[in-house]
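Please look at the sequence and the 3D structure shown below, and keep both in view while reading this report.

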Amino acid sequence: LNFGGIIVLKKPWDDIGGWTNFARIYQLMAAQAKPYSVFVEVGSFIGKSAVCMAYYLDLYGKHNTTFFAVDHWQRTDEIPMPKEADLYATFLHNTKKFERWINPMRCSSVEAARTFKDESIDFVWIDAGHSYEDVRADIDAWYPKVKIGGWIGGDDLGYKGVDRAVNNAFAPEDIILHAEFSKQDNAYVKSWLHYKETSCAL
């Protein structure tokens, strides 16, 4: 795309429904990924953000990084969808070009977390349910799985449930705030990141 002589390259996820107002975080995590890193995205919806991560892993040649996309791919009240919508089939279709990079896990977040060993994951991104109960359950399930020196974070600060869960789990000084402009929301949307320095429980 050309805007007054400024060329803007279209990204492979631009035409996929959903949100990627944390693309810079994904880019940073992909760029600094160590050999044989393990990344997990919780709440992949129809593939927009998963394609974003896969694109950057490919761009930076992180061929031995393993990336899991976790979702139950069922309709919820948070995102109204037609009754006939097959979210999983749509996800597979949208991520087809990057399937070499993406490992779907079709189950609940907590169920998926149980399949990983403690301190085995380099980066976890939480963007599933937005109620306090959902977000806190996700943090509690995935935090022990993150390596010392790894990262856990999530989207949509500003939702009361998300804010409360993050604030209850972490001290303010242990959280990095990030904001990116969301075309869908026509506003800046905040995300959060926590760097795990010790194996202490929350």
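## A strand in the sheet

Which residues point one way from S3, and which the other way? Val-38, Val-40 and Val-42 point one way, Phe-39 and Glu-41 point the other way, and all are buried, where buried means under 20% relative accessible area with a 1.4 Å probe and protein chains only. Strand S3 covers residues 38-42 and is mostly covered, with 5 of its 5 residues buried. In a regular strand, the side chains alternate between the two faces of the sheet.

This is a predicted model, in which local features need pLDDT of at least 70 and side-chain atom pairs count only at pLDDT 80 or more, while totals for chains, interfaces and linings use all residues. Residues are numbered from 1 along each chain as its sequence is written, and side-chain values use heavy atoms, with hydrogens and water left out.

## The partners of S3

Strands and helices here are DSSP runs numbered from the N terminus (strands are E, at least two residues; helices are H or I, at least four), and two strands pair if DSSP finds at least two bridges between them. S3 pairs with S4 in the parallel sense over 5 bridges, and Glu-41 has Ala-69 as its bridge partner in S4. The chain passes from S3 through helix H2 (residues 48-59) to S4, a β-α-β crossover that is right-handed; that is, with the strands pointing away from the viewer, the path from the first strand over the helix to the second runs clockwise.

S3 is also joined by 4 bridges to strand S6 (residues 121-126), and these two run parallel. Here Glu-41 stands opposite Trp-125 in S6.

## The whole sheet

The open sheet has 7 strands in the order S5-S4-S3-S6-S7-S9-S8, with mixed pairing. Strand S5 (102-106) and strand S8 (176-182) stand at the edges with a single partner strand each, so one side of each is left without a neighbour in the sheet. Strand S7 (residues 146-157) and strand S9 (residues 187-195) run antiparallel and are joined by 5 bridges, and Ile-152 stands opposite His-194 in S9.

Helix H6 (residues 160-169) packs on the sheet and touches S7 and S9, contact meaning heavy atoms within 4.5 Å. The direction of H6 makes about 155° with that of S7, where axes are lines fitted to C-alpha atoms, for helices over the stretch in contact, and angles run from 0 to 180 degrees between N-to-C directions.

Key
Buried < 20%, exposed > 50% of the residue type's maximum accessible area, 1.4 Å probe, protein only.
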